[in-house]
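Happy to look at this model with you.

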Amino acid sequence: MTLNDIVYDLLLQEIITFSISPGSKLYESVIAEQLGVSRSPVKYALERLSEMGYVRIQNSRYYVSDFTRREYLEMFDLTQILETYGARKAAVNATDEEIAELYRMSDEINKLYKTAQCGNDFSYRKLLDAEMDFHSSVVRASHNETITDLYDSLRYKIFFCRGYLLYTRPDGFYEDLDTQHSYICDAIKYHDKDMAYAAVKHHLDISRSGIERYGLLNEMD
């Protein structure tokens, strides 16, 4: 990777994990000093982030783009289409090795949620990484390269939208959560296309209902 690409990737990771909050002002000089680089790769990264929609430019100043209701709902709809399709195909095409790996991922995610529910020191980024890896693996197990490539190209946008609920972590969220990952694995293991579709759809609906139940969509207006 070039220095420009490294700086871009570092800032992108900070934004999509909400380490830098939506609406925050970004200073070229401060970022350059923090990273120990000149302002040139920082400017390149900010311009590229602007083109990708993660950063907005206002009066020649850079700000992290606001996280909007429309962005969330549109990405949710697209994610649901891709992941439910991927799950149906995975129920037919997944190999025994892929299914075993999905079960392993499911167990790891459940352990992370239990850690969160116990109130122990917890990194939501670790949970989000595990969630994204699981869902990406389901789509990949479809063995449809076009769908997989499209999903991968949207990975950061999906990560950003899915991460918002985990980032906000409203009181009571982890206590109410039902992860459903094992149901998805079971449906794929038993080659039940309709069950796989329903299990993924239900799992995604839980995330959306959580956003709506805690009034977080209102905060995006």
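A search of the whole structure finds 9 salt bridges. This is a predicted model, in which local features need pLDDT of at least 70, side-chain atom pairs count only at pLDDT 80 or more, and totals for chains, interfaces and linings use all residues. Residues are numbered from 1 along each chain as its sequence is written, and side-chain values use heavy atoms, with hydrogens and water left out.

Q: Why is the contact of D5 and R48 called a salt bridge?
A: A salt bridge needs a side-chain nitrogen of Lys or Arg within 4 Å of a carboxyl oxygen of Asp or Glu. The N to O distance between D5 and R48 is 3.1 Å, so the pair qualifies.

Q: What makes this pair a tie between separate parts?
A: D5 lies in helix 1 (residues 3-16) and R48 in helix 3 (residues 39-52), so the bridge links parts 43 residues apart in sequence. Helices here are DSSP runs (H or I, at least four residues), numbered from the N terminus.

Q: Why is D5 called partly exposed?
A: Buried means under 20% relative accessible area and exposed over 50%, with partly exposed in between (1.4 Å probe, protein chains only). D5 has 24%, so it falls in between. R48, at 28%, is partly exposed too.

Q: How do you know that E47 and K43 form a salt bridge?
A: Their N to O distance is 3.7 Å, so the pair meets the cut-off. E47 and K43 are 4 residues apart in helix 3, about one helical turn.

Definitions and conventions. Helix = DSSP H or I, 4+ residues; strand = E, 2+ residues; numbered from the N terminus.
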